[in-house]
Amino acid sequence: MELNFKKVFEKDGYVIVRGMFSRDEIKKMREGIERSLKENIDSDILSNPYLHHIPTDERVLKVYKYLLDTDKPCWWGEGNWRVDNVALGWHKDNAQRFCPGAPDWKEPYTVIRSGIYLQDHKNFSGGLSIRAGSHKICNTDTGELRYFDSEPGDMAFWEQTITHSGGGRITKWFPNKLIDPHEYWQYPDSKFRPYPNEARMVIFMNMGRRDQCLTRHLNYLKTRTDIVRIWQNTEYQQEYLDKAKDKLDIIQIANEVKGWDLSKLSQRHHCLPYVPIFLNDEFKKSVGWKDYHKE
Ligand SMILES: O=C(O)CCC(=O)C(=O)O
Ligand SMILES: [Fe+2]
């Protein structure tokens, strides 16, 4: 795998690495998700008996190390899978999405998300829509519309600040002519290519490096029920940790949030404060703030 896409990544805010996994590996990942569903395993994938090898896979790490410019990417347990559950509508996934004055927009947001889409979105709808170059812009209306036309085996990496939407649809006769997801409703279904026949399965992961952005990102995640619930479900097997710890800088936030009352957290996104008057001791106490970049 030749790594020569840093400039493109920095300019567009995303990259698709083709043919990272074999068809057989993809089939096993699908089976791993099916078994997890049956056995009710909904925890960080590094603790999942069927999927724990993915974050430490040499090919995955090679790309993360290259993009993050670090020898040991940070792992904090933001790795999960989704089945038929699509985040529709343009959005970003960073901590402060609406204030251009926030550090998110003044400095690079160094957390990188990735997705392994386990079905064909080259010939079928259902892939990710994104706005190229929008990772540097604090609004969701700007950036050329693109579609992740991934085939099983491809893996996509994108910035948390990029504008994106799940469940993209391609048209039947002109797959390169994309329609804004907010306008799909204006067209008949017959205009679009169908979704793949099999269930839509995606494995998502985030990695970063030890810096102030990481501290902001992790404390932001601690305000959200969806991610805290996954951490609460997570018990790392020592064997997996031992295998991973030479490759990943592991932060076990899962241990910090064990007894937390989920009803006190938020189901939705709330922007992380960034000016001292709001990012005060009371707020910090409420999220169990930690300076992860200093640890
Ligand atoms: O379902 C998808 O493809 C998009 C999910 C999403 O928005 C995300 O993982 O950040
Ligand atoms: Fe998202």
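Predicted model: local features only at pLDDT ≥ 70, side-chain atom pairs only at ≥ 80, totals over all residues.
1. Five strands form an open sheet in the order β1-β7-β4-β9-β3, and their pairing is antiparallel. From one strand to the next, the twist averages 20°.

2. The pairing of β3. Strand β3 pairs with β9 (residues 201–207) in the antiparallel sense, over five bridges. Within this region, Gly79 stands opposite Met205 of β9.

3. The helix on the sheet. Helix α3 (residues 58–68) packs on the sheet and touches β1, β4 (112–117), β7 (155–159) and β9. The direction of α3 makes about 150° with that of β4.

4. The nonpolar core. The largest nonpolar core comprises 57 residues, and Ala156 and Ile203 are those with the most contacts inside it. Apart from neighbours within four places in sequence, Ala156 is in contact with Tyr14, Ile16, Ser114, Gly115, Leu128, Phe148 and Ser150.

5. The ligand shell. Around ligand 1 stand Val86, Ala87, Asp93, Arg113, Leu128, His164, Gly166, Val202 and Phe204.

6. A covered helix. Helix α5 (residues 212–221) is mostly covered, with eight of its ten residues buried. The buried residues of α5 are Cys213, Leu214, Arg216, His217, Leu218, Asn219, Tyr220 and Leu221. Their cover includes β2 (74–75), α4 (103–106), α6 (225–232) and α8 (253–256).

7. Positive phi at Asn40. Asn40 is a residue other than glycine, yet its phi is positive, near 60°. Asn40 lies in the loop between α2 (23–38) and α3. Is Asn40 buried or exposed? Asn40 is exposed, because 7 other C-beta atoms lie within 10 Å, and a residue with 12 or fewer counts as exposed.

8. Positive phi at Asp69. Asp69 is not a glycine either, and its phi is positive at about 60°. The position of Asp69 is in the loop between α3 and β2. Asp69 has 10 C-beta neighbours inside 10 Å and therefore counts as exposed.

Technical notes: Residues numbered from 1 in each chain as written. Chains lettered and ligands numbered in written order. Near = placed C-beta within 6 Å. Pairing = 2+ DSSP bridges. Helix = DSSP H or I, 4+ residues; strand = E, 2+ residues; numbered from the N terminus. Axes fitted to C-alpha atoms, helices over the stretch in contact; angles between N-to-C directions. Contact = placed C-beta atoms within 7 Å. Core = buried A, V, L, I, M, F, W, Y, C linked by C-beta atoms within 7 Å. Buried ≥ 20, exposed ≤ 12 C-beta atoms within 10 Å, placed from the backbone.
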